[in-house]
Every structure is written in structure tokens, then in C-alpha cells.
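Trainee: Please walk me through this one, and start with how you name its pieces.

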Amino acid sequence: DILENEVSFAIVKSVNEVAHLLSLKVVAEGVEFQHQMTELTSIGVDAVQGFHIQRPIPFEEFVADVVALTT
């Protein structure tokens, strides 16, 4: 609820800033909508994951996709 709750947004932004000060990469999890991804990338998170990017898939399907990409 970072777009509806200023406190939540401030926490996410602060954690992102502290992580970068410590030379850590930040992955935002649980991104379900484009507007969330836009806001998170605007504050500088390094990567996002969640339903907006890709729905979960069975492990076997994932492995088959990786094998197909590397052959």
C-alpha cells in the first residue's frame, strides 16, 4: 500500500536508501501493478519481482525454460 499510505512509502524509501548506503542491491517483492513498479523504480530499487512481472510457475517449467534459453 505504498501509494496509499505515506508511512509505508517512507519506510520503503528509507530502507532502499540505507541498503544503497551499505552497497547492497534492493529487490522489491510483491509488485502486482505497473504503478507500483513505476514508483519503486523511481526511488531507485534495483529490481522488482511479483505477479506484475511473472506469475509463479512450476519448477519443472522454469527449468525447461532455462534449458531452452541456454541451448
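Mentor: Helices (H or I, at least four residues) and strands (E, at least two) are DSSP runs, numbered from the N terminus. With that naming, glycine 44, which takes a positive phi of about 100°, comes just after α2. This is a predicted model, in which local features need pLDDT of at least 70 and side-chain atom pairs count only at pLDDT 80 or more, while totals for chains, interfaces and linings use all residues. Residues are numbered from 1 along each chain as its sequence is written, and side-chain values use heavy atoms, leaving out hydrogens and water.

Trainee: How many helices and strands are there, and in what pattern?

Mentor: There are three helices and two strands, and along the sequence they follow the pattern α-β-α-β-α. The protein is more spread out than a compact globule, because its radius of gyration is 15 Å, well over the 11 Å that the globule rule gives for 71 residues. That radius is taken over C-alpha atoms, and the rule is 2.2 Å times the number of residues to the power 0.38. Along its principal axes, the C-alpha trace spans about 45 × 30 × 15 Å.

Trainee: What share of the residues is buried?

Mentor: Buried residues make up 20% of the 71, where buried means under 20% relative accessible area, exposed over 50% and partly exposed in between, with a 1.4 Å probe and protein chains only. Among contacts (heavy atoms within 4.5 Å) between residues at least 6 apart in sequence, 28% join residues at least 24 apart.

Trainee: Which residues of α2 are buried?

Mentor: In helix α2, residues 34–42, the buried ones are Gln36, Met37 and Leu40. They lie on the same side of α2, because they cover an arc of only 95° around the axis, taken from the directions from the helix axis to the C-beta atoms.

Trainee: What does histidine 20 touch?

Mentor: Histidine 20 is also placed in α1 and, at 32% relative accessibility, counts as partly exposed. With residues up to four places away not counted, histidine 20 touches Val26, Gly44 and Asp46. Its C-alpha atom is separated by 35 Å from that of glutamate 60, 40 residues along the chain.

Trainee: Changing topic, which residue has a positive phi although it is not a glycine?

Mentor: That is serine 23, with a phi of about 60°. Most residues other than glycine have a negative phi. Serine 23 lies in the loop between α1 (6–21) and β1 (27–28), and at 68% relative accessibility it counts as exposed.

Trainee: Which residues form the nonpolar patch on the surface?

Mentor: Ile57, Phe59, Phe62, Val63, Val66 and Val67 form it, with about 510 Å² of accessible area together. Patches are made of residues with over 30% relative accessible area and no salt bridge, joining like charges within 9 Å and nonpolar side chains (Val, Leu, Ile, Met, Phe, Trp, Tyr) within 5 Å; a salt bridge is a side-chain nitrogen of Lys or Arg within 4 Å of a carboxyl oxygen of Asp or Glu. Areas come from the Shrake-Rupley method with a 1.4 Å probe, and for residues only the protein chains shown count as cover. Valine 63 is found in helix α3, residues 59–70, and counts as partly exposed at 34% relative accessibility.
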